[in-house]
Amino acid sequence: MNGLYASARNETERLWRRRKTKGFALVAVLLPMLAAWALGALPEDGLTGVLGGDLPMLTLRFLTLILVPLFLMMTAADLFAGEAADGTLKLALLRPVTRAKVYASKIFVLSFYAAALLAAGWIAATAAGMFVAGAEAADGIAESLKAYAVSLLPMIALGLLASLVGLIVRSAAGGMAVMLLVYAAAGLLPFLVPQASVWSVVAYADWHVLWAGAGAPAGSLIRSAGILIAYCIMAYTAGVVLLDRKQL
Amino acid sequence: METVLKVTDVAKRYKNSRGVQDVSFEVAAGEVFGLIGPNGAGKTTLLKLISGLARPDRGRIELFGHDLATRFEQAMAGVGCIIETADVYAKMTAYGQLRQAARFYPRLPAARIDRVLEQVGLAAYRHERAGGFSLGMKQRLALASALLSGPKLVLLDEPTNGLDVEGMAELRTAICRLADEEGVAFLVSSHLVHDLGLIASRVGIMSEGRMIRTEAVDEGLWGESSLEQYTMAQIRGEREVRFG
């Protein structure tokens with residue numbers, strides 16, 4: 001158990017030291033604030049109040065479609081392909097800790113920072129929304145919190161799939177390129193083959209809309225959650241096997 | 001003497017047909033075992049297999065009586081390594097890297113980090129980022145990381161790479177002292193046969209993936225010739241037997 005704890009703590013520390021991580025956190029916080037500032041500069045009318053109250057949900061769309069996926073792809077490429085290429089993956093594997101635990105700690109840190117980005121974005125967007133729309137924005141806090149919380153699941157699934165790519169390719173830059181191509185292709189897939197969208201993880205990035213208001217029927221939520229969890233299990237298992245077989 | 005490493009009929013073949021074949025040997029506590037042989041002989045592959053970085057196609061590796069394949073954490077608990085290159089986290093300080101390594105050994109006192117940094121001569125650079133270190137300093141940091149946990153077996157692959165003359169002499173002294181006084185076993189691979197001859201109690205000569213001979217250094221088996229000449233003669237002899 002100590003090996004897993006030590007490995008997770010080390011990964012968390014190393015990731016926080018990267019400028020990219022701090023940069024992503026800064027964007028997650030600054031973006032809703034800038035949006036609120038822009039809305040505040042507009043003439044006072046009904047639209048400002050509506051947009052201000054909706055700021056957390058607008059921010060969430062940006063976070064789940066662009067910022068968090070980009071962070072997950074860049075970080076997964078660095079954690080697996082990048083560390084294998086620069087020899088630092090070896091440093092972790094030469095310690096008394098199994099490869100399965102090293103993998104678990106890397107997935108933990110990816111998920112942890114994805115959750116932290118969502119949390120930072122929610123806090124900033126909620127505060128900024130209140131600044132623009134006043135007390136009206138407070139009504140939607142519980143609703144937006146629920147939306148942010150459920151958004152973590154598709155982000156974890158995306159992180160696991162990005163990790164798989166990171167384990168297959170040989171360099172961080174190559175990994176990032178492959179991931180961006182796959183992400184763009186998966187984003188376009190529902191437009192080209194609508195019936196395939198149900199199988200695309202990317203199509204679930206905004207599944208929080210299913211939970212908004214009265215929400216989608218329970219059966220639909222369970223089916224969507226089941227597909228995401230199944231993706232997570234398959235990608236995690238494949239990742240463990242790939243890292244275990246990796247020859248350094 | 002207790003056997004700390006037991007390698008039995010280990011084989012590993014890469015796609016380029018290189019690797020190791022049917023290698024068996026043991027290393028006892030306090031022994032300095034030198035691996036010598038030409039480039040491509042399989043020394044680094046063997047060290048990778050023993051440290052778990054690569055998996056053997058067949059055979060068994062035991063560290064402190066634990067099978068590496070099934071009890072990895074227990075097997076590696078008493079092992080320190082430098083394999084192939086002295087890799088470091090470029091953006092972390094020397095102290096930060098060792099603090100990360102120390103987390104895997106919960107009973108390690110915090111003062112141990114400072115002690116090993118002093119031992120390898122990096123105490124003055126403890127708060128500098130390793131990315132700016134010279135090759136020799138990186139090698140010293142890797143050595144500090146390998147010795148940090150107070151291992152009972154240390155695997156060193158070309159440990160003198162990048163070290164200056166003083167560093168090489170200090171490394172030899174440290175290896176002999178740890179082996180004699182603390183019973184630490186060393187498995188050292190180096191192309192500097194003369195250097196290995198100064199510290200090894202036994203050597204294993206490798207050629208084309210095979211361990212063709214293991215000899216005790218102090219038996220004077222090579223008579224008037226040097227270890228280098230003896231090694232070359234053994235390798236030539238092996239090639240003649242195998243290829244005519």
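Chain B has 8 helices and 10 strands. Helices here are DSSP runs of H or I with at least four residues, strands are runs of E with at least two, and both are numbered from the N terminus. The radius of gyration, taken over C-alpha atoms, is 18 Å. The globule rule, 2.2 Å times the number of residues to the power 0.38, also gives 18 Å for 244 residues, so chain B is as compact as a globular protein of that length.

A word on the source. This is a predicted model: local features need pLDDT of at least 70, side-chain atom pairs count only at 80 or more, and totals for chains, interfaces and linings use all residues. Residues are numbered from 1 along each chain, chains are lettered from A and ligands numbered from 1 as written, and side-chain values use heavy atoms, without hydrogens and water.

Now the sheet. 6 strands form an open, mixed sheet in the order β6-β7-β8-β3-β9-β10 of chain B. Two strands pair if DSSP finds at least two bridges between them. β6 (79–82) and β10 (210–216) of chain B stand at the edges with a single partner each, so one side of each has no neighbour in the sheet.

Look at one pair. β7 (153–157) and β8 (185–189) of chain B run parallel over 5 bridges. There, B:L153 stands opposite B:A185.

Next, a helix. α6 (165–182) of chain B lies across β3, β7 and β8 of chain B.

Last, burial. Of the 244 residues of chain B, 53% count as buried, meaning under 20% relative accessible area with a 1.4 Å probe, protein chains only.

Terms used. Contact = heavy atoms within 4.5 Å. Axes fitted to C-alpha atoms, helices over the stretch in contact; angles between N-to-C directions. Buried < 20%, exposed > 50% of the residue type's maximum accessible area, 1.4 Å probe, protein only.
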